Amino acid sequence: MKPDEALTAVDTTDPLAASDPMDARLGARLAALRAERGWSLGELAERSGVSRSTLSRAERAEISPTASLLNRLCGVYGRTMSHLLSEVEAEPALLVRAAEQPVWEDRASGFVRRSVSPPHTGLRGELVEGRLRAGADIAYDRPPVPGLEQHIWVLEGALAVTAQDAEHELDAGDCLRLRVWGPTRFRCPGPDDVRYALAVVLP
């Protein structure tokens, strides 16, 4: 698998791009996951299809990783994105106030992800709120966990979801249920931004 150089996002070494503390915690966790497995950057690059330089810069928080990059790493490490993000936060409580729900942003694509119910190691389901700006288009080449169950409920705006070579156009109130085995694509056709709820259930 040829490493992909196109998965990087915002360069936080640029003085005009403010470094996010979340990126620093996330980078440290990614480095720890690789170290736990005894993999070199080269080995991880082969497994993930992401270039060594991109992986190195993500671990050092020199870039803010994209959703696509994190999705690939989650697949390698056997985690959903919510599980990975929860590992850089405190142990999730039973009740999570709106102001305390972890929010992560893919600044390159205009995707904002709120972990409404942070995952727990003993539970299989989680609830996420997603926001995409008008015109945003995110493609995932694989699910983080094969056979992942998703329920996508559009709250505001319109969303186009492609899975198994079929595109589904969703308007406010519509819900799409699917099992994810291959590539998926989330696109906001506009003219307004879209907000949707995503229920994820591990197989």
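Predicted model: local features only at pLDDT ≥ 70, side-chain atom pairs only at ≥ 80, totals over all residues.

Residues are numbered from 1 along each chain as its sequence is written, and side-chain values use heavy atoms, with hydrogens and water left out.

The largest cavity has a volume of about 280 Å³, a volume being the space filled by probe spheres set on the points, which are joined across faces, edges and corners. Its lining consists of 20 residues, of which N71, R113, Y140, Q150 and L198 are the closest to its centre. Two or more lining residues come from each of β4 (111-117), β5 (125-132), β7 (148-156), β11 (184-187) and β12 (194-201); strands here are DSSP runs of E with at least two residues, and helices are runs of H or I with at least four, numbered from the N terminus. By class the lining has 12 nonpolar, 5 polar and 3 charged residues, with Ala, Val, Leu, Ile, Met, Phe, Trp, Tyr, Cys and Pro counted as nonpolar, Asp, Glu, Lys and Arg as charged, and the others, Gly among them, as polar.

Several of these strands pair, which requires that DSSP finds at least two bridges between them. β7 runs antiparallel to β12, joined by 7 bridges, and Q150 has V200 in β12 as its bridge partner. β7 also pairs in the antiparallel sense with β10 (residues 175-180), over 6 bridges, and there W153 stands opposite C175. β4 and β5 are antiparallel as well, with 6 bridges, and V112 is partnered by R131 in β5. Strand β3 (residues 103-106) is joined to β4 by 4 antiparallel bridges, with R113 in β4 as the partner of W104. The hairpin of β3 and β4 has 4 residues between the strands, and G110 takes a positive phi near 80° in it.

The second largest cavity has a volume of about 30 Å³, and L30, L44, L55, A58, E59, L73 and Y77 line this space. Here α3 (52-59) and α4 (67-77) are the elements that give two or more residues, and α3 gives the most, with 3. This second lining has 6 nonpolar residues, no polar ones and 1 charged.

How values were computed
1 Å grid on protein atoms, 1.4 Å probe; cavity = no way out; pocket = protein on both sides within 12 Å on 5 of 7 lines; lining within 4 Å.
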